[in-house]
Amino acid sequence: MKTSAVFSTFLSLLSLGSAASSERKSSSTSTTLPATFKPPQVFKNSNLVHVISVEKNYVKENINVLIENIDKTAQDEYFVPFTADQMSRLGGVEVKDRKDSSAGPFIAEAVEFDQESDIQYLRIRFPKPLAPGASQTLGITYYLLKAYKPLPASIKQEEQQYLFFSFSAYCPSAYTTSKQKTEVKFPTSNIPDYTKLPGSGDVKEFPQKQGSKLTYGPFDEKPAGATQPVSVRFEFNKPVTHVSRLERDIEVSHWGGNVAFEERYTLHHRGANLSALFNRVKWQQAQYYQPNTFALKEMKFPLRVGSADAYYTDVIGNVSTSRFRSNKREALLEIKPRYPVFGGWKYPFTIGWNSDAKNFLRKTATGGFVLNVPFLEGPRQQEGVEYEQVQVRVILPEGAENVKYHTTIPTQSIIEAGVEIHRTYLDTLGRTALVIKARNLLDDFRGRELTVTYDYPLMASLRKPLVIFGSAMAVFVGAWVVGNLELKFATRK
Amino acid sequence: MDSSLHEVWQAAAGSPFVPTVGKSSQFLVAFILLLLGFSLGGAFALNRSVVNLPVLAVPAALALAFGVVYMFCAVGVYV
Amino acid sequence: MSLGFCFQSSFSANPILLFAGFESIIHEFDPWFNFRATKYLVANGFYNFWDWFDDRTWHPLGRVTGGTLYPGLMVTSGVIYHALRALTIPVDIRNVCVLLAPGFSGLTAIAAYLLTNEMTPSPSAGLLAALFMGIAPGYISRSVAGSYDNEAIAIFLLVFTFYLWIKALKQGSMLWGALCALFYGYMVASWGGYAFITCLLPLHAFVLVCMGRYSTRLYVAYTTWYALGTLASMQIPFVGFLPVKTSEHMPALGIFGFLQLLAFLDYVRSAIPSRQFQTFLWLFAGAAFGLGLLGLVIATSAGFIAPWSGRFYSLFDTGYAKIHIPIIASVSEHQPTAWPAFFFDLNMLIWLFPVGVYLCFQQLADEHVFIVVYALFGSYFAGVMVRLMLTLTPVVCIAAAIAVSALLDTYLSVKSPKPEENQAVEGAEGKKAAKSGLKATNKPVVGVYTTWGKGMIVSALAVYLLLFVLHCTWVTSNAYSSPSVVLASRLPDGSQHIIDDYREAYQWLRQNTREDAKIMSWWDYGYQIGGMADRPTLVDNNTWNNTHIATVGKAMSSSEEVSYPIMRQHEVDYVLVVFGGLLGYSGDDINKFLWMVRIAEGIWPEEVSERAFFTPRGEYRVDGEATETMKNSLMYKMSYYNYNNLFPAGQAVDRMRGARLPEVGPTLSTLEEAFTSENWIIRIYKVKDLDNLGRDHSSAAAFERGHKKKKVTKKRGPRVLRVD
């Protein structure tokens, strides 16, 4: 009874603490608009440069656009259209003013108006409204995951992998665009197929190819919503690594002075499947003659300096093919999967390490604590890594309260955040755990910060020893009482 | 979400968190405390009386309590 | 007493240290099943575990797992797991399982201490017994961390049950008898070897009766144990009515009846005059014996009592299994023990053991009779089966401890005995000393009483003990602490290189095949595939269905044309073989192949013939000279498929068998290579689906290779099964 009462007061404390986070939860969900919504034609794109980078195994797009307010009133909302399919794979949206980097935050969020509609909008809210007739240069960066298909879909072990990607040569926009061009950057100059379009002006045919870059445009004025589907097929002889789920636990221990990290990956290779099954002889020979392969052989995790006790396991147990180097300048964990991962294969694994608390945890002037950890670490691969679902759980000590957090991850990527109870070793009430769920993140965001502040009263920190003290005393007193009882039995009249 | 937290972090740069017992000495401390706890507990077990309850049992329980916590940390389960 | 506990815990820590070279991993084969079953128990609760029907083994038959296992081990670790959780220590169930065996080995040492203390008044004997028990290699093989097997707890239960039996017998106490029955029940729930207790206790009782030592103490102890213990054992579904039905349990029942008769006679003797009693006794005994024998014969022939099972026959005739049940003989643990194994597993204990037994003869109280009986019984069975060395180890430790402590007690006291004591010591030790004590004391101190003589003996003993500890450490670290799933080798620079092929392949299977893909492999790997790869298997280490195993053996040892229909009928998706040729790994399938052939031959003698795998000169070869049957067998093809591509032309070598392989490797038409691990230890093949164009696979494969009309050079197998 008593414990449950303590528990409920504790919970109420927690809910106070998490008020800040619940508030931000509501702002991250999409705004609902009527089903017939159409973005008002209040802007004109004077000049637009669309840069699509397919150098990594995700697509990074960058739209630099000079917008002009053609309405009579000041405007502060700009809409970017996406297909419903793209919307589910969209991540890491960041908007900046290209001219003035100090201009306050641009908030980008999905607009919810009609689930059935094929066109969905992303709304960008300006820090301050744009006056009529004025113009501003926006830099919109976003990423698309699961963007490619291997073509051919299955190849031999020793063959080169080609990926297929289709997009619109005209940048999709909700507004009239006067002038635009689209550049596509490739990892190599080997681009066997791409859609050709009739040229305009002094260019006979689009696109123009310069090394590993294709340029469609410049095009003249296009109306709102104009599209021109084109597709490219290019060599990509590297693994298409896709992490469908990453669970990252960060456990703070005040008693031990330690911050423990554990990451559980569900890793897939989304590249070409093997047309004939895996052949060890060919693989071993290729290791010498032609080490370049689209199979995933190795991953490197650069960790924060001071990391120690790294481990690498999977469902069956420890994986012995890993190397960990930790010194004053770096901490590098190199792991090899148990088997080379080819297209269509899956390899879930777990890694973890420890670090001294002093590297991540500080005491604040007000008597609380502040924790600063990377939101995402993960492997650093030349070909990139994409994460579909990410769950970061910061497990604070038992009894921590008044939890607040801040992260520099794009707000659009965060789905929900909240405070939970996690029970583990020597816990009576359970530890306070801040859980942040995000989606569609990329290795470009590794190293982005997550800052958490919390209070940790002295009594809460003494809870564990007190519980053990209580149990030990109960045993001693029990022994004394039982001993006395026996004495009474034994005494004769 | 509160962007002022980053400043809190910066402001606290001078006071990193340092535990009472450092990682390297945890095992030693835990071992000594547990040894003390078990010997006092053993002494109490051999000679159970009201007087010994505060004299032996309470210190034993205290030593055990902190010893257990530090032993958990020392073996890698950071509680 | 408390000193003893410190002693024991320090020694039982030994096994834990030794596994530190590897991670916490489950060893060998059977432990993987126990581990999987424990996980099931923890996840689904006890009642679901009881009713567990496992459709992921023995495809397509399935296995009534809940009713065909000894649940003691799993329930024990389940209880420990939940107890730790209640104490807010949520340890992973795998770690509980891995560390259960070393934990119980500590308890075994305590039980050995208690049992030995019942035998001799000297406290040092108990401590020595605990020490020996803690480090004897014969037991450590089952008590290293990760050896999560039934024996891990069963040996503790065995020794402890014996201790309780001795206690009950000495005091004639119903309480101790009931406790003995309780632990006997626990033992029955844990290990099939409980029959050892079931036979040994009646034997002890019988010997006591024959020695004319019948007493009410024996009556009370035995009847309490038998009645309660039998009831307890019948609670286990796997045992069920066996205690009243099978011959193995009959001695216990017989002695139970016999003791009733004796008790009755005892009563009659006190009631009637002795002359009449003599006649009565003879008549009564004859009638009872005749009736009993008649009843047994009738019950056996009518089928109420099952005759001895095959496994039991093999205990009396070591050649029996080889001829009639190759599946039992194929397990190396079921082979008769080679004599060096005794020395390897017990070292100096083996020559101290007879001394201890001799010392027991000297006193020969009821409990010493037990040690003598146990020693004889245990020695016989340890000689018959390597595995039963385990049941001998406790008595060897106890007897050796009695011997060593007797020596130490005699020689460690520095003082020369006074005349009266001298007399007493001589009396106790039964020496043929001269009766004239006075004369002896007048002489100068010589012989056993000199200080240097004592010093010599004691230091020699100390050296022996040290050597024993060294031997145990060596044996344990070399022979018993390797988990066999992970192989360790040394690189040229001396660093340790871990060969992890098993887990590589199992993880591949687990992640990259369908959830219900059926894997065919030899039964040794069944439990591991179930545990690590989590895929259904055809056969596993629970060898309950010989025919099913023989079917797999036949598929492995026949040509592709015969094997393919078998595999299709059993919905096999992948075939897994273990191949040690590249690494020189001896535990591979080609080395086990003859057992597959033999087991298959036992069921299909006209289709599989062991002789056809030997060359005319009687050699078992894999190189160019191998017989056609060998070369066409699926196992041979799967082992060597593609292997010669790894070497320059014509230089392919099997490093395990030291054989140069033919230049042209085998071809496979109904299977395709799906995965081969890094060091080629595990090779996995996918069974091809039926051909799209309705061709048979060999012509389809020949077409693929480019010769359209391949002449049928391959000899067809003896008979071709077709399934359409």
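In this predicted model, A112(C), L115(C), T116(C) and M119(C) of helix α6(C) meet P394(C), C397(C), I398(C), A401(C) and I402(C) of helix α22(C). The residues of this contact comprise eight nonpolar, one polar and no charged. Helix α6 of chain C spans residues 93–119, and helix α22 of chain C spans residues 389–412. Their axes lie 10 Å apart, and the two helices pack at an angle of about 50°. The crossing of the two helices, α6(C) and α22(C), is right-handed.

**Annotated spans**

Chains B and C carry annotations from unreviewed UniProt entries. For chain C, the record assigns "domain: STT3/PglB/AglB core" to residues 518–568. For chain B, the record gives "transmembrane region" for residues 27–46 and 53–78. The table sets out the secondary structure of each span and the separation of its end C-alpha atoms.

| Span | Helix | Strand | End C-alpha atoms apart |
|---|---|---|---|
| Residues 27–46 of chain B | 100% helix | 0% strand | 28 Å |
| Residues 53–78 of chain B | 85% helix | 0% strand | 32 Å |
| Residues 518–568 of chain C | 57% helix | 6% strand | 11 Å |

**Chain A against chain B**

Contacts between these chains involve 38 residues of chain A and 35 residues of chain B. On the side of chain A that touches chain B, at least two residues each come from several elements of chain A, including the helices α2 (19–28) and α6 (463–490) and the strands β20 (241–253), β21 (258–269) and β30 (369–374). Helix α6(A) supplies the largest share of that side, 10 residues. By class, the side of chain A that touches chain B has 19 nonpolar, 11 polar and eight charged residues.

**Chain A against chain C**

Chain A also touches chain C, with 22 residues of chain A in contact with 26 residues of chain C. The residues of the side of chain A that touches chain C divide into 11 nonpolar, six polar and five charged.

Note on methods: Residues numbered from 1 in each chain as written. Chains lettered and ligands numbered in written order. Predicted model: local features only at pLDDT ≥ 70, side-chain atom pairs only at ≥ 80, totals over all residues. Contact = placed C-beta atoms within 7 Å. Helix = DSSP H or I, 4+ residues; strand = E, 2+ residues; numbered from the N terminus. Nonpolar A, V, L, I, M, F, W, Y, C, P; charged D, E, K, R; others polar. UniProt positions renumbered as here; feature names shortened; annotations may be inferred. Axes fitted to C-alpha atoms, helices over the stretch in contact; angles between N-to-C directions. Left-handed = near helix turned anticlockwise from the far one by under 90°.
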